[in-house]
Amino acid sequence: MNDALGMKIAYEEAVRSYEEGGIPIGAALVSAEGVVLGRGHNERIQKKNPILHAETAALINAGPVDAKVYKTATIYSTLASCFMCSGACILYGINRVVMGENKTVQGGEELLASKGIEVINMEDEQCYDLLQKFISERPGEWHQAHPEEFEG
């Protein structure tokens with residue numbers, strides 16, 4: 001699967017989260033053969049679960065996956081993976097992380113790279129614009145998840 005298609009799936013999940021009233025971040029776990037193993041979106045608001053991020057939702061929705069599959073898989077996320085989600089990628093040995101953007105928030109990019117994981121930033125304006133729309137509409141909910149950025 002090419003990266004544009006993988007990111008398209010992740011973006012669809014981000015839109016789904018936004019339409020549900022949640023933070024518009026989406027993810028997809030894709031095998032080396034291009035099979036979508038799992039996809040998901042941030043449901044912190046919807047399910048009142050602070051650790052249900054897009055990447056963790058995609059991993060949950062993938063269900064049990066053979067360790068060998070993780071080693072050649074790519075996780076696509078519309079936003080840079082936080083340290084928790086980066087840790088999950090490291091734990092499962094996912095070898096590629098493709099992010100839509102990291103202008104909004106930088107995450108565990110350096111940590112992932114230090115573990116030999118290929119990190120690609122697509123600098124996707126569509127991902128950025130959707131998240132900026134949410135932040136402008138609902139800054140309080142965004143800053144609950146990202147208090148370090150709150151200056152007001």
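Biologist: This is a predicted model. What does Tyr70 touch, leaving out residues up to four places away in sequence?

Modeller: Tyr70 touches Leu29, Leu59, Gly63, Val65, Tyr92, Gly93, Ile94 and Asn95. Contact here means heavy atoms within 4.5 Å.

Biologist: What makes Tyr70 part of a nonpolar core?

Modeller: Tyr70 is in the largest one, which has 13 residues. Tyr70 is also listed with those that have the most contacts inside it, alongside Leu29, Leu59, Ile75, Cys89, Ile94 and Val97. Helices α2 and α4 (83-92) each supply at least two residues of this core.

Biologist: Which residues does the second core include?

Modeller: Ile23, Ala58, Val105 and Trp142 are included in that separate core of 12 residues.

Biologist: Why is Glu13 called buried?

Modeller: Buried means under 20% relative accessible area. Glu13 has 5% relative accessibility, so Glu13 counts as buried. Glu13 is found in helix α1 (residues 3-19). Beyond four places in sequence, Glu13 touches Gly26, Ala27, Arg39, Gly40 and His41.

Biologist: How do you know that β1 and β3 pair?

Modeller: Pairing takes at least two bridges. Strands β1 (residues 26-30) and β3 (residues 74-77) have 4 bridges, in the antiparallel sense. For Ala27, the bridge partner in β3 is Ser77.

Biologist: What is the strand order in the open sheet?

Modeller: The 5 strands run β2-β1-β3-β4-β5, with mixed pairing.

Biologist: What makes β2 and β5 edge strands?

Modeller: β2 (36-41) and β5 (118-121) each have a single partner strand, so one side of each is left without a neighbour in the sheet. Helix α2 (residues 54-62) lies across β1, β2 and β3.

Notes
Residues numbered from 1 in each chain as written. Predicted model: local features only at pLDDT ≥ 70, side-chain atom pairs only at ≥ 80, totals over all residues. Heavy atoms only, no water. Axes fitted to C-alpha atoms, helices over the stretch in contact; angles between N-to-C directions. Buried < 20%, exposed > 50% of the residue type's maximum accessible area, 1.4 Å probe, protein only. Core = buried A, V, L, I, M, F, W, Y, C linked by side-chain atoms within 4.5 Å.
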